[in-house]
Amino acid sequence: MPFRYEELVTPNGRPYVRVHVSGDISLGDAEDYVTRFLGQYRGRHVLSVVASGTEYSAKARKHLLSMEEAGPHATVTSSALVRAAINLMTRFTDNSKYRVFGNEFEAMAWLDDQEG
Amino acid sequence: MSLTISQARLHELLNVLVTAGSGDYDVRVRLEENEDALLDVELGINYLLDDLIDRRDQNEAQEEELLTRARQLARQQDELVQALSTPVIVAWPGVLALPLVGRIDDARAATITSVLLERVAAERATHVIVDLTGVAAIAGPTLPALLRMVRAIGLLGAQCLLTGIRADVAPQIVALCDAEIHVRALAQLSDALALVLAEKGALGQPHK
């Protein structure tokens, strides 16, 4: 599975969902992701760690745009390609809720600072 | 913000754009982990090409669906036209009437013959009245085909009566008829029906 979910708590005690992302993401994967974050994880803070080489299909990219109701998303990746992909996907969305980081420490600090 | 772009990446980008412009959307920009803004542009072009392929596939699927629907409608129309072009009526038990309307060409004559002979056999018809009142024109080689149909009806044991023959068609029939074809002609369909019913002794009797 390209997405692996963990329910954790930040150093400041805020619950969040950590998502490990890798591989090729299909429309079905994207649908499952959106369903979770508009359903059981609605409003929950998200830390997604995206591996190098992760690729989003065209249909998956479009479907992931329907995440406007979800909580703040911090993405961590060391890949310039993944960063470019997320930049393109979130270009016309509410930028205050999405941020891409190069390391997990900064991402966690930003996420902990976001309103619940 | 300034950006230094290598000639090779720019060349690659232009090649992809020109190739896509010629209709080949399968081409893609080769991507590398370059930490610069041009990477977003390169990836954006690849995403755009993905979308173009997706739209093309959707269009092709819709086109195929429309073609299938058009073929289905054409087949239904053919069936309807065929049904309307050969309106065989059971005027009385054993008596079939076929009021023909419009132009009769070879193909239609063949259809009429086929349908009518089938009905003659199925209904065990003794008489067939073919009314030509509504026939606007009979194509040159079609009249012999209709006369062959009359002969075939005779071979099935039924008698054929022609009604509503137009003045310009009558000489053609005379010229084509040989001694083996016995065509009884009457002015109107009602005349033929009255004659047949009289022959069957059915006039003045309730229909059973």
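Predicted model: local features only at pLDDT ≥ 70, side-chain atom pairs only at ≥ 80, totals over all residues.

**Stop one: two helices in chain B**

Begin by selecting residues 106-123 of chain B, which form helix 3, and then residues 142-155 of chain B, which form helix 4. Their axes come within 9 Å and cross at roughly 10 degrees. Angles under 35 degrees count as roughly parallel, so helix 3 of chain B is roughly parallel to helix 4 of chain B.

Now show the side chains where the two meet. On helix 3 of chain B, pick B:D106, B:A109, B:I112, B:T113, B:L116 and B:L117. Facing them on helix 4 of chain B are B:T142, B:A145, B:M149, B:A152 and B:I153. What is the make-up of this contact between helix 3 and helix 4 of chain B, in nonpolar, polar and charged residues? The division is eight nonpolar, two polar and one charged.

**Stop two: where chain B meets chain A**

Bring chain A into view next. Chain B gives 13 residues to the contact and chain A gives 12. About 1,200 Å² is buried between the two chains, and carbon and sulfur atoms give 52% of that area. On the chain B side, select B:E33, B:D40 and B:Y47: these lose the most area to chain A, together 44% of what that side buries.

Then look for the charged pairs. Five salt bridges are found across the interface of chain B and chain A. For one salt bridge, zoom in on the side chains of B:D50 and A:R61, with N to O at 3.3 Å. Seven residue pairs are in polar contact across the interface of chain B and chain A. To finish, color the side of chain B that touches chain A by residue class: its residues divide into four nonpolar, two polar and seven charged.

Note on methods: Residues numbered from 1 in each chain as written. Chains lettered and ligands numbered in written order. Heavy atoms only, no water. Axes fitted to C-alpha atoms, helices over the stretch in contact; angles between N-to-C directions. Helix = DSSP H or I, 4+ residues; strand = E, 2+ residues; numbered from the N terminus. Parallel < 35°, antiparallel > 145°, perpendicular 65-115°, else oblique. Contact = heavy atoms within 4.5 Å. Nonpolar A, V, L, I, M, F, W, Y, C, P; charged D, E, K, R; others polar. Buried area = accessible area lost by both parts, 1.4 Å probe. Salt bridge = Lys/Arg side-chain N within 4 Å of Asp/Glu carboxyl O. Polar contact = N/O pair within 3.5 Å; in protein donor to acceptor, adjacent residues only side chain to side chain.
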